[in-house]
Amino acid sequence: MHTVTSGDPDPDKALLLQAHRKDGQTFPAKVTLHPLKTDSGDSCLANVIDLTQPQGPANKSKHEKRIQGERLAAVLQMVSGLAHESRNALQRAHSCLDLLQLDLVDQSDLMTLTEQIRGALTDIQQNYEEVRDYAALIVLKRRPCAGSAGIGNRPMA
């Protein structure tokens, strides 16, 4: 059995173990451990991959997969920054429109145009909120479980 010690777990170090299914069958598994810091203390997330199941395109090398992961992380970072800046720009546009409407109180034809602009800004704001909600973090529900319940203590040969 692998015991997590200080400085461990290293997500780049996979453990190759024999795991047990609920029906008692054993299967080869790759286990990576990821430290988690929460309000209730430190814990560890165990990611168990059944090695008997196909894991995506067989022709992708480890290097290609790592590059793809790095690109995805870069895109996520870029989109996050773009979303933040877009929200700031929308807030500035709403503020400027409010100031403009104060100057156009007696000009009903121009006030109609400003209301149409406000409607368009509101539509963009709603689209932004929908995308933000869709991309929000997934909240995992924690529940205690025995770490050895599904993983055997025999390393793979």
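What follows is a short account of a predicted model.

**Overall composition**

The protein contains 2 helices and 4 strands. Along the sequence these elements are arranged as β-β-β-α-α-β. Of its 157 residues, 13% count as buried. The accessible surface amounts to about 12800 Å², and carbon and sulfur atoms account for 58% of that area. When contacts between residues at least 6 apart in sequence are considered, 40% of them join residues at least 24 apart.

**Salt bridges**

How many salt bridges does the model hold? The count comes to 2 salt bridges. One of them pairs the side chains of Asp50 and Arg21, with an N to O distance of 2.5 Å. Arg21, at 28% relative accessibility, counts as partly exposed.

The side chains of Arg118 and Asp98 also form a salt bridge, here with an N to O distance of 2.6 Å. This pair links distant parts of the chain, since Arg118 is in helix H2 (residues 108-134) and Asp98 is in helix H1, 20 residues apart. Arg118 counts as buried because its relative accessibility is 18%. Asp98 has a relative accessibility of 38% and counts as partly exposed.

**Surface patches**

Which residues make up the positive surface patch? Lys30, Lys62, Lys65 and Arg66 form it. Helix H1 (residues 62-103) supplies the largest share of this patch, 3 residues. Lys65 is located in helix H1. With 41% relative accessibility, Lys65 counts as partly exposed.

A nonpolar surface patch is made by Val75, Met78 and Val79, and it covers about 270 Å². Met78 also has its place in helix H1. Is Met78 buried or exposed? Its relative accessibility is 55%, so Met78 counts as exposed, the cut-off being over 50%.

Met111 lies in helix H2. Its relative accessible area of 21% makes Met111 partly exposed. Beyond its neighbours within four places in sequence, Met111 is in contact with Gln101, Leu104 and Val105. The C-alpha atoms of Met111 and Gln101 are 6.6 Å apart, and the two residues are 10 residues apart in sequence.

Val131 is another residue of helix H2. At 54% relative accessibility, Val131 counts as exposed. Val131 and Ala83 are 48 residues apart along the chain, and their C-alpha atoms are separated by 9.1 Å.

**Accessibility by residue**

The table collects the relative accessibility of residues discussed above.

| Residue | Relative accessibility | Class |
|---|---|---|
| Met111 | 21% | partly exposed |
| Lys65 | 41% | partly exposed |
| Val131 | 54% | exposed |
| Met78 | 55% | exposed |

Key: Residues numbered from 1 in each chain as written. Predicted model: local features only at pLDDT ≥ 70, side-chain atom pairs only at ≥ 80, totals over all residues. Heavy atoms only, no water. Patch = residues over 30% accessible without salt bridge, like charges linked within 9 Å, V, L, I, M, F, W, Y side chains within 5 Å. Areas by Shrake-Rupley, 256 points an atom, 1.4 Å probe, with all protein chains shown as cover. Salt bridge = Lys/Arg side-chain N within 4 Å of Asp/Glu carboxyl O. Lys, Arg positive; Asp, Glu negative; His and termini not counted. Charge placed at Lys NZ, Arg CZ, Asp CG, Glu CD. Buried < 20%, exposed > 50% of the residue type's maximum accessible area, 1.4 Å probe, protein only. Contact = heavy atoms within 4.5 Å.
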